[in-house]
Amino acid sequence: MSDLNLYNYFRSSTSYRVRIALELKGLDYAYTPVHLLHDGGEQFSEAYKSLNPLSGVPTLVHNGQALSQSFAIIEYLEDAFPQTTRLFPQDVFLKGKVRQFCEIINADIHPLQNLRVMQYLEKQAHFNADQKSTWLNKWIVKGLTAAEKTLEPYAGKYCFGDTVTAADLFLVPQLFSSQRFQIDISHFQLLSKIYENCNQLEAFKKAHPHRQPDTPEELRTP
């Protein structure tokens with residue numbers, strides 16, 4: 001049995017990032033689904049909150065110790081398993097640029113499309129469907145525009161040259177989510193090209209939301 005256990009949800013973009021990292025690094029892990037909608041959200045159970053007080057996903061348990069927040073988990077895997085595929089460049093400046101790119105998605109785009117925010121806009125602010133769509137379009141497009149501009153001097157087949165980095169792990173789930181929210185990602189030619197290239201890789205295919213143990217049958221991809 002694996003000593004790595006990932007508590008996650010098939011469609012969570014933050015969970016998706018960590019699954020890609022685990023697959024790229026070739027690490028065996030147990031998959032524990034946490035359904036974010038069933039019974040008001042399984043993430044709010046007392047058992048799960050004992051692992052993650054913020055009631056978010058993902059949470060990684062390694063040798064009995066719990067760690068949450070996808071960026072922290074990915075950096076932990078990088079340090080804990082140094083013999084595996086590396087996700088950050090050795091060059092100090094390029095490493096900083098990769099982190100900068102990841103944070104555009106992690107800090108500036110994702111929080112504004114998070115399920116908690118969408119539920120608040122609907123239930124407390126009383127946004128209708130069109131208002132929520134306008135909200136999502138504004139912040140996602142603004143963030144992706146900055147992301148594309150950031151990559152222009154560095155991109156190759158992937159975000160930073162021809163080697164996959166952590167930047168690709170953040171980009172692919174974000175573009176997947178953007179399409180779910182009816183954002184036309186074809187306007188971002190560079191990002192779309194990288195997205196297509198990444199999705200040809202086996203690790204990205206295995207981590208895809210439509211290929212997980214908790215993926216609903218109607219969404220499942222062979």
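**Domain interface**

I looked up the interface first. Domain 1 and domain 2 bury about 1,700 Å² between them, and carbon and sulfur atoms give 69% of this area. Buried area here is the accessible area (1.4 Å probe) that two parts lose on being put together, summed over both. Tyr16, Arg17 and Phe71 supply 38% of what domain 1 buries against domain 2, more than any other three residues.

I noted the source. This is a predicted model: local features need pLDDT of at least 70, side-chain atom pairs count only at pLDDT 80 or more, and totals for chains, interfaces and linings use all residues. Residues are numbered from 1 along each chain as its sequence is written, and side-chain values use heavy atoms, with hydrogens and water left out.

The bounds are 4-85 for domain 1 and 92-204 for domain 2; they come from an automatic or database domain assignment. I found their C-alpha centres 20 Å apart. In contact (heavy atoms within 4.5 Å) are 16 residues of domain 1 and 21 residues of domain 2.

I then checked charges. The rule finds 1 salt bridge across the interface of domain 1 and domain 2. A salt bridge needs a side-chain nitrogen of Lys or Arg within 4 Å of a carboxyl oxygen of Asp or Glu. Arg99 forms a salt bridge with Glu75, with the closest N and O atoms 1.9 Å apart. On the side of domain 1 that touches domain 2, helix H1 (13-24) and H3 each give two or more residues. H1 has the largest share, 8 residues. Helices (H or I, at least four residues) and strands (E, at least two) are DSSP runs, numbered from the N terminus.

**Core**

Which residues have the most contacts inside the largest nonpolar core? They are Phe101 and Leu169, in a core of 64 residues. Such a core is a set of buried Ala, Val, Leu, Ile, Met, Phe, Trp, Tyr and Cys residues joined through side-chain atoms within 4.5 Å. Helix H7 (residues 166-180) gives the most to this core, 8 residues.

**Backbone**

I found a cis peptide bond between Val57 and Pro58, with omega about 5°. Pro58 sits in the loop between helix H2 (46-49) and strand E3 (59-62).

Phi of Gln182 is positive, near 65°. Gln182 lies in the loop between H7 and helix H8 (189-198). Is Gln182 buried or exposed? Gln182 is exposed, at a relative accessible area of 66%. Buried means under 20% relative accessible area, exposed over 50%, partly exposed in between (1.4 Å probe, protein chains only).
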